[in-house]
Amino acid sequence: EKSKETALSRLFFTYQGIPYPITMCTSETFQALDTFEARSDDIVLASYPKCGSNWILHIISESIFADSKKKYEYPEFPVLECGDPEKYQRMKLLPSPRILATHLHYDKLPGSIFKNKAKILVIFRNPKDTAASFFHFHNDVPDIPSYSSWDEFFRQFMKGQVSWGSYFDFAINWNKHLDDENVKFILYEDLKENLAAGIKQITEFFGFSLTGEQIQTISAQSTFQAMRAKSRETHGAVGPFLFRKGEVGDWKNLFTETQNQEMDEKFKERLAGTSLGAKLKY
Ligand code: A3P
């Protein structure tokens, strides 16, 4: 058991107390990020991993040029804190608006985001589905740590010893800022229930004015089925893993009753008293 944990821990490095996969993040990149110059029209998408960031990224990129045939030009690695440290120099050349996806805590974002008042959309998903999705992602995708079993992943997830650290720490950190000016909060489950309404809210927040017809077109292109069908084209070999199942409640296929209770306990202990805790949906 111990040696398995040691082997796993070699696949992570810790920066300011949070574990990151060594294949995706480096401390040099984190240091370079401190001096990243955000623009006031940057579009920031903050989420814990597996809460639907690629879904929202797609919705926003389609909305930016809804009026023209132009396609949004993605930075080479859409997650702000991932990649090589020179990426921020290259990002200076990108036209506005840039979409900056991040899994960082509010406290760890570069200060220029706040100084320049970039708008931030925070996406949450209930912790059970997030954990289930994260487990599949780790075990499906090569080059990131994999786990010998769901039980092992669950144990690490509850301890916060997974990529980007604890879901609960992330939630508590962002909870304090969800009503800040320039911050908007959205739930995966609400988007799933009413995609067109969610798209309307998101695009209005970022100041795009779309017609009802444009919203319908983007909705049709942003369903799970539509995105999965195109995933190899849009996201390469990792595509089908990024668009795995897209459902609410899939956690029931993995959690034992004991794990379910353990998660409920943790939720009660850490989030139940917060305004975010009251909003999360299963
Ligand atoms: P599942 O593993 O439960 O299927 P992220 O993009 O932040 O990595 O999140 C990935 C999760 O969002 C995956 O969850 C994926 O299927 C889901 N997802 C992606 N696009 C979606 C869509 N259009 N509709 C519903 N869920 C979607």
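1. How many residues lie between β1 and β2 in the hairpin that they form, and which residue in the turn has a positive phi? In this predicted model, two residues separate the strands of the hairpin, and Gln-16 in the turn has a positive phi of about 45°. Strand β1, residues 12-15, runs antiparallel to β2 and is joined to it by four bridges, with Phe-13 standing opposite Tyr-20 of β2. In strand β2, which covers residues 18-21, Ile-18 and Tyr-20 point one way while Pro-19 and Pro-21 point the other way, and all are buried.

2. Strand β6, residues 183-187, is mostly covered, since four of its five residues are classed as buried under the 20% limit.

3. The ligand is surrounded by 18 residues, of which the closest are Ser-53, Ser-133, Tyr-188, Lys-245 and Gly-246. By type, the residues of this shell divide into seven nonpolar, seven polar and four charged. Helices α3 (53-64) and α12 (224-229) each supply at least two residues of the shell, and the largest share, three residues, comes from α3.

4. A nitrogen atom of the ligand, for its part, lies 3.0 Å from a polar side-chain atom of Trp-55. Taken alone the ligand exposes 570 Å², and the protein buries 98% of that area.

5. On the cysteines, the structure holds zero disulfides. A disulfide is a covalent bond between the sulfur atoms of two cysteines. The sulfur of Cys-82 is 3.8 Å from the closest cysteine sulfur, that of Cys-25, and this is too far for a bond because the cut-off is 2.5 Å. For Cys-51 the closest cysteine sulfur is in Cys-82, at 15 Å, which is again too far for a bond. Both residues are buried, Cys-51 with a relative accessible area of 1% and Cys-82 with one of 0%.

6. Is Lys-87 buried or exposed? Its relative accessible area is 1%, so Lys-87 counts as buried, and its side chain reaches the backbone oxygen of Val-79 at 2.9 Å. Lys-115, by contrast, is exposed, with a relative accessible area of 58%; its place is in helix α5, residues 112-115. Lys-115 and Phe-224 are 109 residues apart in sequence and 36 Å apart in space, C-alpha to C-alpha.

7. Lys-50, in the loop between β3 (43-47) and α3, has a positive phi of about 75° although it is not a glycine, and Lys-50 is buried at a relative accessible area of 15%. Lys-117 sits in the loop between α5 and β5; its phi is near 55°, a positive value in a residue other than glycine, and Lys-117 is exposed, with a relative accessible area of 52%.

8. Helix α7, residues 150-159, is mostly covered, with seven of its 10 residues buried. The buried residues of α7 are Trp-150, Glu-152, Phe-153, Phe-154, Gln-156, Phe-157 and Met-158. An α-helix has 3.6 residues a turn, so residues three or four places apart point the same way. Just after α7, Gly-160 takes a positive phi of about 75°.

9. The last point concerns a peptide bond. Ser-96 and Pro-97 are joined by a cis peptide bond, with omega about -5°, and Pro-97 lies in the loop between α4 and β4 (99-102).

Conventions
Residues numbered from 1 in each chain as written. Predicted model: local features only at pLDDT ≥ 70, side-chain atom pairs only at ≥ 80, totals over all residues. Heavy atoms only, no water. Buried < 20%, exposed > 50% of the residue type's maximum accessible area, 1.4 Å probe, protein only. Near = heavy atom within 4 Å. Polar contact = N/O pair within 3.5 Å; in protein donor to acceptor, adjacent residues only side chain to side chain. Areas by Shrake-Rupley, 256 points an atom, 1.4 Å probe, with all protein chains shown as cover. Nonpolar A, V, L, I, M, F, W, Y, C, P; charged D, E, K, R; others polar. Pairing = 2+ DSSP bridges.
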